[in-house]
Amino acid sequence: MNGINVDINHLKKGEVNLGTSIMAVKFDGGVILGADSRTTTGAYIANRVTDKLTQVHGTVWCCRSGSAADTQAVADIVKYHLELYEAQHGAPPTTKIAASLFQELCYNNKDALTAGIICAGYDDKEKGAIYSIPIGGSIHKQEYAIAGSGSTFIYGYCNKNFKSNMTRDETVEFIKTSLSQAIKWDGSSGGVIRMVVLTASGVERLVFYPEDYVNA
Amino acid sequence: MSNPASINGGSAVAMVGKDCVAIACDLRLGNQSLGVANNFEKVFQFGHVFLGLTGLATDVITLNETFRFKTNLYKMREERDIEPETFANLVSTSLYEKRFGPYFVGPIVAGINSKTNQPFICSFDSIGCIDYSKDFAVVGTASDQLYGMCEGLYEPNLSPDDLFETISQALLNANDRDALSGWGAAVYIITKDKISKRYLKSRQD
């Protein structure tokens, strides 16, 4: 066969899919991560209240999409390495280091993994930072990132509506409206919208239910 | 791009009550995970007989037109509307004709016989095998979920208002666990003298 061939039917038999809408957005105080809460096995909604926003260290978190098992395993390994890093260096790791660890795992195991990860965090050096690590294991530093099956429907909307240095509330509304559309059009996304706000003050979790976001 | 029955998505259910029947469907039409339409009704009326059709949307549309054609000619010849039991056999033979190149549909028939006043429901497979039922009938991508909901919620001899509540909850909650069904719902409550149609407010994810 010539050229690059990607197998999109990548899940093993019985594997659950985080068919998903995830995003992370940088704002004046740090970053906000957002995700839907649907996990599917084929067309069956296995979990309608999934938490796809996972902490790997303090104020370094990630959004997971692809295979639920693969992304949980990778995040657990990164979490282990970051905990060890802080013990050995006496200082918390930066978002860049976490993203680099994600990349190493995703690239070197690319044949075995189906993982699309957005690594985002707040550290004192870089303030807010977002690194997108799609399938294949490349790394992309961005002001905002969208990923998952539902993201395809909001490329245009996000491109037009993203602004640098928004306020916290503006960013929450931007993510809410964006994910609301992704959830509407993508059958593999749904449930509640979860967000995690990462700033100098620490971590704040938010949840938005359908009544709140359906008309956002 | 494999199973024609789950490309467009959709589900339907029918239930028997006291001197009444109910039939309901979701309103979604999609292209795999992409939702395309939220007004694609899957219940059609031929006189006092109701047909729910899930599965491949092109076949849903084609069969609706086919049965409209056949029942119109039936009415002209017989000078009366077709009864539910007769229509069920019409569906069965029409589907079996295509035994080796079938329509990819999941049909349900519901209605009240105008002569005997007996409520009637049944479902079929895609090649016309009739499955008679005295309680409920389920089809579509959320059929597994509908089986569970109906088995749990159903009781015999429900009044029209109670039957409405029961069939609505069965459909809504089954659809909420299926990625390919939902985006609204339509519910028909059929009695001897009256037919009511209601749209349900449902989750839009």
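Residues are numbered from 1 along each chain as its sequence is written, while chains are lettered from A and ligands numbered from 1 in the order in which they are written. Because the model is predicted, local features need pLDDT of at least 70 and side-chain atom pairs count only at pLDDT 80 or more, whereas totals for chains, interfaces and linings use all residues; side-chain values use heavy atoms, with hydrogens and water left out.

Let us begin at the interface. Here 14 residues of chain B are in contact with 21 residues of chain A, contact meaning heavy atoms within 4.5 Å. The size of an interface is often given as the accessible area lost when the parts come together. For chains B and A this buried area is about 1400 Å², and carbon and sulfur atoms give 52% of it; the figure is the accessible area (1.4 Å probe) that the two parts lose on being put together, summed over both. Of the area that chain B buries against chain A, 44% is supplied by Arg177(B), Ala179(B) and Asp205(B), more than any other three residues.

What about the polar side of this interface? The rule finds 10 residue pairs in polar contact across it, both residues being at pLDDT 80 or more. A polar contact is a pair of N or O atoms within 3.5 Å; within protein, one must be able to donate a hydrogen and the other to accept it, and residues adjacent in sequence count only if both atoms are side-chain atoms. On the side of chain B that touches chain A, the residues divide into four nonpolar, four polar and six charged. In this scheme Ala, Val, Leu, Ile, Met, Phe, Trp, Tyr, Cys and Pro count as nonpolar, Asp, Glu, Lys and Arg as charged, and the others, Gly among them, as polar.

How many salt bridges cross the interface of chain B and chain A? The rule finds one, a salt bridge being a side-chain nitrogen of Lys or Arg within 4 Å of a carboxyl oxygen of Asp or Glu. Arg38(A) and Asp205(B) form this pair, with their closest N and O atoms 3.3 Å apart. Arg38(A) lies in the loop between strand 3 and strand 4 of chain A and Asp205(B) in the segment after strand 12 (195-200) of chain B, so the pair joins two chains. Helices (H or I, at least four residues) and strands (E, at least two) are DSSP runs, numbered from the N terminus.

Asp205(B) has a further partner, Arg203(B), in a salt bridge whose closest N and O atoms are 2.8 Å apart. Asp205(B) is buried, with a relative accessible area of 13%, while Arg203(B) counts as partly exposed at 28%; buried means under 20%, exposed over 50%, and partly exposed in between (1.4 Å probe, protein chains only).

Over all chains, the structure holds 12 salt bridges. One of them joins the side chains of Asp36(A) and Lys52(A), at 2.9 Å from N to O. Asp36(A) lies in the loop between strand 3 and strand 4 (39-41) of chain A and Lys52(A) in the loop between strand 5 (44-47) and strand 6 (53-57) of chain A, so the pair ties together parts that are 16 residues apart in sequence. Both Asp36(A) and Lys52(A) are buried.

Now follow chain A to helix 4 (residues 168-185), whose 18 residues reach 26 Å from first C-alpha to last, close to the 26 Å expected at 1.5 Å a residue; the expected span is 1.5 Å times one less than the number of residues. Its buried residues, among them Phe174(A), Ile175(A) and Leu179(A), pack against several elements of chain A, including strand 2 (22-27), helix 3 (155-161) and strand 13 (202-208). Thr177(A), in this helix, counts as buried at 16% relative accessibility.

Elsewhere in chain A, Cys119(A) sits in strand 8 (residues 115-123) and is buried at 0% relative accessibility. Cys119(A) and Thr95(A) are 24 residues apart in sequence, yet 7.4 Å apart in space, C-alpha to C-alpha.

Finally, in chain B, Phe164(B) belongs to helix 4 (residues 160-175) and is buried at 12% relative accessibility. Leaving out residues up to four places away in sequence, Phe164(B) touches Val187(B), Ile189(B), Arg198(B) and Leu200(B).
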